[in-house]
Amino acid sequence: MAANATGTTRDEMILEQLSMIIITKLYDEKYAETEYVKFRVIDEDPRKTSKNIKSIFSEAKERWNDVFLDEDKIDFNDSIIMSVVGQLQNYSLIESPRNVISEAFESIIAYATKGSQGQFFTPENVAKLMVRIANPNENTSVFDPASGTAGFLTTSMFYVWEQIDDTSMRSRAKYDKEQQFATNNLFGIEKDSFLAKISKAFMAVLGDGRAGIFIEDSLNEKQWKPATIAKVKDKKFDIILTNPPFGKDVKVAPETKSNFKFADKIELAFVEKCMEHLKVGGTLGVILPETIFHAPTMKKVREELFYKHNITHIIDLPHDTFRPYNNAKTDIIFLQKNKPQQDMVTVIKVNEIGHDHLGHEKFILDNNNYSFTNIIADDIPNIIDSLNSDEDNPLIKKISIDTIKKRDLLVARPYFEFNQSKNIVSLEDLINKGVITTFDGHGSPAGYLKGLGENPYVRVKDIVNLEIAHNRLDDIPDKEYDRLYKKSKKLKDKDIVFVRRGSYRIGDVGILYKKDLHSILTREILIIRVNENNLGITPFNLLAILNSEDVRKQLGNLILMDTTLPNIGDRWKSIKIDVSDPEILANLTNIMKKMYDIRAKFWDDYSKVFGMNG
């Protein structure tokens, strides 16, 4: 299109033109007077086809005069219009699932807008889960202050329509109630006029709820137009569902910062605005970066915005949820405004979201023949079914609010622990009992000194194959070694090293040999020393356990995301090990010690050879 469009070459202009053609098709399908729609190529003639499409668009503009501006028109040349129509005419958008239409709009705006404005959209399955939890009915008002393409509003509309359809009313009465709900109970604000136009058209096609969508900055009420003020400004809503914008490049406008306590992060300003527009006892469901729910720096945010209300649900979303459009790891929290906190909170862990990091559909693997089935790997339908029936589901648990507050952790997956026997101890238990001692590495040398000495500096990447790999390019001089060395952190052979920070290496472990003792370790590495004990724990069996599949699974629940980087914080202390069988522990010790002794002898012999050769 960019190569052939005349007078319309900017990406956003081309994309807006394409959107208007799609909206024209949606309009034609909805109001077709016969079983044959008018949106089609005529006689393979570009001029006739173009004239026909522009005529349909004029009808759409007249009927949906609150969607389009007077100056809106289709400017593509006749050949391009016919090319687009030729590709679209074989499909019915009205009869397609909502996600087909929303993904169509999402794909055409992705290139032009997503990078700069943080505009990425909630997948349909996530919206369905959130609407199911919020549980609107025909008397419920639903609001989204960052409505985008109106995903939460349309999903709520369909959810309520299903309730109305299940009644015994006559068809005409059902239709009237459905239109009444769409027109009077759904409200959205979207700052981007392009997105608002799409969402208005989308709502007009699906349920005629466009009158409740307004083009405004939700955070700047002083600049709202009279119509928005009349419908939204002082209104308190029953349910607010939203996925607010966030990211380092998306900021609260300077003139409105003083209105918000947490104005440094735009997503938190949106939460404050949501609480302002929510009825007492009303439900807020909001998607936010995972960092907010666990980082120590966000403790005040959790105390002010979350713990003062009734937390009902916390939901863990996979990292791929918003990929490839946005790499942030996000979670969901549900609150009831100013209600007393209930004793038990529902925690939900979504492992599979239905697509991979590239946005491609992801299918379940058949382990019998190692081929993929045609079943999409998506946990959400199963979770919704379980919520509807109250049946047991390993992805849904009830956790006491006391436990959550004690850990100050509003991320769901750390609460999903694997089945274990009664004699389970955490690393924190072992520390408290004196079985193990732990301390951080020494620190990091000045970068320009690396490679200028003979003292090993050990980084996260140097923990390989359960031991330390000596990288001579990082060796530091004596003076820098002396600066970093601390007697309290003197290393001993058989100490275990554990990566506690460092991208996707978190949880990697190794054991020290005599060759490693004159090393400086980065602070990203934790040193674990096993003391004499009566539990049967030795450096050898502990190394094996920490490298086991069971611990790896635990790490998957304990490693959280700080926006885009993984972080375990102090949650490594929650790693649990089974000490119920002394025989198993002793056997592990014997096996691992034999291997350690063989490797230790290798390094001793190597050092002798190295010494003999100078």
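Mentor: Welcome! Let us begin with a word we will need: a residue is buried when its relative accessible area is under 20%, exposed when it is over 50%, and partly exposed in between. Please keep in mind that this model is predicted.

Trainee: How many salt bridges does the count come to?

Mentor: Side chains of opposite charge can pair when their charged atoms come close. Here a salt bridge needs a side-chain nitrogen of Lys or Arg within 4 Å of a carboxyl oxygen of Asp or Glu. By this rule, the number of salt bridges is 39.

Trainee: Which residue meets the side chain of Asp 495 in a salt bridge?

Mentor: The N to O distance for this pair is 2.8 Å, and the partner of Asp 495 is Arg 529. The two come from distant parts of the chain, 34 residues apart. Asp 495 is in the loop between helix 15 and strand 17, and its partner in strand 20 is Arg 529.

Trainee: Is Asp 495 buried or exposed?

Mentor: Buried residues have under 20% relative accessible area. Asp 495 has a value of 2%, so Asp 495 is buried.

Trainee: And Arg 529, what is its relative accessible area?

Mentor: Arg 529 also falls under the cut-off of 20%, so Arg 529 counts as buried. Its relative accessible area is 16%.

Trainee: In which helix do Glu 276 and Lys 273 both lie?

Mentor: These two form a salt bridge, with their closest N and O atoms 3.3 Å apart. They are 3 residues apart, about one turn of the helix. Glu 276 is partly exposed at 36%, whereas Lys 273 is buried at 5%. Both lie in helix 10.

Trainee: How many residues apart are Lys 233 and Glu 221?

Mentor: The side chains of Lys 233 and Glu 221 meet in a salt bridge, 3.8 Å from N to O. Lys 233 is in helix 9 and Glu 221 in the loop between strand 3 and helix 9, so the pair links distant parts of the chain.

Trainee: Which residues form the negative surface patch?

Mentor: One of them is Asp 578, which sits in strand 23. Patch residues need over 30% relative accessible area, and Asp 578 has 37%. The patch is made of Glu 549, Asp 550, Asp 578, Asp 581 and Glu 583.

Notes:
Residues numbered from 1 in each chain as written. Predicted model: local features only at pLDDT ≥ 70, side-chain atom pairs only at ≥ 80, totals over all residues. Heavy atoms only, no water. Patch = residues over 30% accessible without salt bridge, like charges linked within 9 Å, V, L, I, M, F, W, Y side chains within 5 Å. Areas by Shrake-Rupley, 256 points an atom, 1.4 Å probe, with all protein chains shown as cover. Lys, Arg positive; Asp, Glu negative; His and termini not counted. Charge placed at Lys NZ, Arg CZ, Asp CG, Glu CD. Helix = DSSP H or I, 4+ residues; strand = E, 2+ residues; numbered from the N terminus. Buried < 20%, exposed > 50% of the residue type's maximum accessible area, 1.4 Å probe, protein only.
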